[in-house]
Amino acid sequence: MKLGIVGLPNVGKSTLFNALTRAGAQAANYPFCTIDPNVGIVPVPDKRLHVLAEMYHPKKVTPATVEFVDIAGLVKGASRGEGLGNRFLSHIREVDAIVHVVRCFEDGDITHVDGSVDPIRDVETINLELVMADAEMVQKRIERVGKMAKTGDKRYPVEQALLTRLLDHLNDGKLAKNFPMNEEEAAMVAELWLLTNKPVLYAANVSEEDIARGGDVPLVQRLQKYAEAEGSGVVAVSARIEEELSQLEDAERDEYLADLGVEESGLARLAQASYELLGLISYLTAGVDEVRAWTIQRGTKAPAAAGKIHSDFEKGFIRAEIVPYETLIELGSVAAAREKGLYRSEGKDYVIQDGDVVLFRFNV
């Protein structure tokens, strides 16, 4: 899962990135501090792994991971190359989803590129640039398809008509993901890798004082209402607090979160919300060698899930032996689950569920 962190300059993107990855990406109080994208691989917090590790005492524990890409701040005119915009927009095309950091706190000591804090204005500034960049790409595609239509191939006029409708939609300032289309049309549009067709998760950057209130902050509430209308999600985080948490050991971190009145770190909530946004789940494998989480798309059948471990597992798939995580923990062992008939053997049509503890049987 590759997530691009975007937003206006100076809203806390690089500070949040540093906190999430401990990568030491440069962060400063002026625009365009980030030019080349910083990339960090982040483990996804999953308490189930620690519980299984206590049970199996494995040689290593391997969590699922998220790749965060810190993309430089966009400004008005980015789609026309302002502020190195074209270069930054190309980085966004490469990610699976967008984490859009939006400033939702007042602080006279921190400069805002537009001189005041307004989360909806800020979001619309970015969205408009993305829409304009998409419109330019669709226009070019229409011109190419128009030339190919002269060959007499019937598929090109169909595509041209679809793209013309899509261009009108974009020119109205609307996002590609909200364009009305059927399944076949959606597949054609997906091939364009449009910026506004990507799932979006808004990270509402709030003050340290507001973090315990979560969504109960006027600026965040405005952002939530806006996001709901466009089918996006919102997670309230404090980039500054996450930066402080990243410097602490686990026990200290838990104590600090408790003092703040927060159950989970921003990373945990961002990861969970990102999984939901992209329709992802994790299944688990456990043994004395390794306890590990594997990321798959919701709805994945057992053979394809096995292929995540190794292609031979999918090619030679025989069956999947499964016990749900909650059942395994409640009973204390696989042997106990077997005795109660709760350790199942599933075939090729079984759809893997989140938290399934799986042993794949295969033969090649």
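**Contacts, strands and helix packing**

Modeller: Leaving aside residues up to four places away in sequence, aspartate 46 touches Leu284 and Ala293, where contact means heavy atoms within 4.5 Å. This is a predicted model, in which local features need pLDDT of at least 70 and side-chain atom pairs count only at pLDDT 80 or more, while totals for chains, interfaces and linings use all residues. Residues are numbered from 1 along each chain as its sequence is written, and side-chain values use heavy atoms, with hydrogens and water left out.

Biologist: Does aspartate 46 count as buried or exposed?

Modeller: Aspartate 46 lies in the loop between β2 (38–43) and α2 (47–56); helices (H or I, at least four residues) and strands (E, at least two) are DSSP runs, numbered from the N terminus. Buried means under 20% relative accessible area, exposed over 50%, and partly exposed in between, with a 1.4 Å probe and protein chains only. The relative accessibility of aspartate 46 is 15%, so aspartate 46 counts as buried.

Biologist: How far apart in space are aspartate 70 and asparagine 18, C-alpha to C-alpha?

Modeller: Aspartate 70 lies in strand β4 and counts as buried because its relative accessibility is 0%. In sequence, aspartate 70 and asparagine 18 are 52 residues apart. In space, their C-alpha to C-alpha distance is 9.3 Å.

Biologist: Which residue in β11 stands opposite alanine 320?

Modeller: Strand β10 (residues 317–324) is joined to strand β12 (residues 356–362) by seven bridges, and the two run antiparallel. In that pairing, arginine 319 stands opposite arginine 361. β10 also pairs with strand β11 (residues 344–346), again antiparallel, over three bridges. The residue opposite alanine 320 in β11 is glutamate 346.

Biologist: By class, how many residues does the contact of α4 with α5 have?

Modeller: Helix α4 (residues 119–149) and helix α5 (residues 155–171) pack at about 160 degrees with their axes 9 Å apart; axes are lines fitted to C-alpha atoms, for helices over the stretch in contact, and angles run from 0 to 180 degrees between N-to-C directions. That angle makes α4 roughly antiparallel to α5, since angles under 35 degrees count as roughly parallel, over 145 as roughly antiparallel, 65 to 115 as roughly perpendicular and the rest as oblique. Among the residues that meet are Val131 and Ile142 in α4 and Leu163 and Leu167 in α5. With Ala, Val, Leu, Ile, Met, Phe, Trp, Tyr, Cys and Pro as nonpolar, Asp, Glu, Lys and Arg as charged, and the others, Gly among them, as polar, the contact has 13 nonpolar, five polar and three charged residues.

Biologist: How is α4 placed relative to α7?

Modeller: The axes of α4 and α7 come within 9 Å and cross at roughly 40 degrees. That makes the arrangement of α4 to α7 oblique.

Biologist: Does proline 218 count as buried or exposed?

Modeller: Proline 218 belongs to helix α7 (residues 218–230). Its relative accessibility is 53%, so proline 218 counts as exposed.

Methods. Two strands pair if DSSP finds at least two bridges between them.
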